[in-house]
Amino acid sequence: MSPLEDALREALARREPPAGFDQRLMSRIASEGDRSRPHNRHTRRWALAAAVLLAGLGLQQAHRQREIHRGEVAKQRLVTALEIASSKLQHAQKRVLEIADR
Amino acid sequence: MNVTEESPAGGMAISACEFAGIVREHQAMVFSIAYHYLHDRLLAEELAQDVFLQLHQALPRLESPAHVVFWLRKVASHRAIDYGRKRKLRLVSLDRAPEPAVASKSEDPLLGERLRKLVASLPEKFRILVILRFQEGLEPDEIAGVLEMPVGTVKSQLQRSLAMLREKATRYLGGGVL
């Protein structure tokens, strides 16, 4: 081992970091954790809002489908009623013409 | 070190208290690699804190206390090189440094500081080798593992580093100092 190598070993000996290094580090780790938690809360809020919005859209769509179905039923009933009325009118007209011919 | 419990992934699962113990055990090593490389205490502390923050996240992947030491040396060395490249270092101007008043190692309390400045003035690839060799006492094959370099390259660059330091020491510290 040369004198230079000995001197280097001595000069480059490990040294402790400034006092309070470990406390500063641990509080930094804790604050990094705190920063990540609001992020999670934020994400959960967005997920909840999205779920509520999707549920609302689903309900609206179901309501519209029910309305369309109800309209279809009403239309069918009206058509049936008109067909009955028309048939009765034709029948009555036929009877009137028969009486007139006598 | 009380960190032998294993996580489900095969890494080490430890409490905050045990992590604080790891920090206290290795903070001098990490801080010194950074300090001897950057020659700046504030920057060295910042780097060391970043390394331990990264360790906190990486710990579940590390398998043993020896793995932790290897990991810390490796990450601290690579980060020191990155810090040195990214930030404009206040370079030590040896040409303007005053000549040493005393010429004997035992009589010169500033010799250590002057040597550290000489090391800090080495090119980056030589500087980290010298730190790992003389601060950490690593053998060339261990340095090769940390820096992911061929052992032959480590040996030849260490020899060149020592030759440069010897030449600088003769020029700036006087021929009779070392």
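**Helix packing and chain contacts in a predicted two-chain model**

In this predicted model, the axes of helices H1(B) and H3(B) come within 9 Å of each other and cross at roughly 30 degrees, where axes are lines fitted to C-alpha atoms, for helices over the stretch in contact, and angles run from 0 to 180 degrees between N-to-C directions. This angle makes H1(B) roughly parallel to H3(B), given that angles under 35 degrees count as roughly parallel, over 145 as roughly antiparallel, 65 to 115 as roughly perpendicular and the rest as oblique. Helices (H or I, at least four residues) and strands (E, at least two) are DSSP runs, numbered from the N terminus. Residues are numbered from 1 along each chain as its sequence is written, while chains are lettered from A and ligands numbered from 1 in the order in which they are written. Because the model is predicted, local features need pLDDT of at least 70 and side-chain atom pairs count only at pLDDT 80 or more, whereas totals for chains, interfaces and linings use all residues.

The crossing of H1(B) with H3(B) is right-handed; a crossing is left-handed if the near helix is turned anticlockwise from the far one by less than a right angle, and right-handed if clockwise. Residues of H1(B) that make the contact include His26(B), Met29(B), Ile33(B) and Tyr37(B), and those of H3(B) include Leu72(B), Ala76(B), Ala80(B) and Tyr83(B), two residues being in contact if their C-beta atoms, placed from the backbone, lie within 7 Å. The residues of this contact divide into 13 nonpolar, three polar and no charged, where Ala, Val, Leu, Ile, Met, Phe, Trp, Tyr, Cys and Pro count as nonpolar, Asp, Glu, Lys and Arg as charged, and the others, Gly among them, as polar.

H3(B) comprises residues 65–86, and at 1.5 Å a residue its 22 residues should span 32 Å, which agrees with the 31 Å between its end C-alpha atoms; the expected span is 1.5 Å times one less than the number of residues. The buried residues of H3(B) include Val68(B), Leu72(B), Val75(B), Ala76(B) and Ala80(B), and Arg73(B) is also among them. A residue is buried if 20 or more other C-beta atoms lie within 10 Å of its own, exposed if 12 or fewer, and partly exposed in between. The cover over the buried residues of H3(B) includes H1, H2, H5 and H6 of chain B. Asp50(B), which lies in H2 of chain B, is partly exposed, with 18 other C-beta atoms within 10 Å, and its C-alpha atom is separated by 9.9 Å from that of Val75(B), 25 residues apart along the chain.

In the loop between H6 and H7 of chain B lies Glu148(B), a residue other than glycine whose phi is positive, near 55 degrees; with 8 C-beta neighbours inside 10 Å, Glu148(B) counts as exposed. His39(B), in the loop between H1 and H2 of chain B, likewise is not a glycine and has a positive phi of about 55 degrees, but with 21 C-beta neighbours inside 10 Å His39(B) counts as buried.

Within H7(B), the residues Val154(B), Gln157(B), Ser161(B), Leu165(B), Ala169(B) and Leu173(B) are buried, and what covers them includes helix H1 (3–11) of chain A together with H4, H5 and H6 of chain B. Chain A contains two helices and zero strands, and of its 102 residues 6% count as buried.

Between the two chains, 32 residues of chain B are in contact with 21 residues of chain A. H1(B) gives the most to the side of chain B that touches chain A, with ten residues, and the residues of that side divide into 19 nonpolar, seven polar and six charged. Phe31(B), located in H1 of chain B, counts as buried with 25 C-beta neighbours inside 10 Å. Not counting residues up to four places away in sequence, Phe31(B) touches Pro17(A), Ala44(B), Glu45(B) and Ala48(B).
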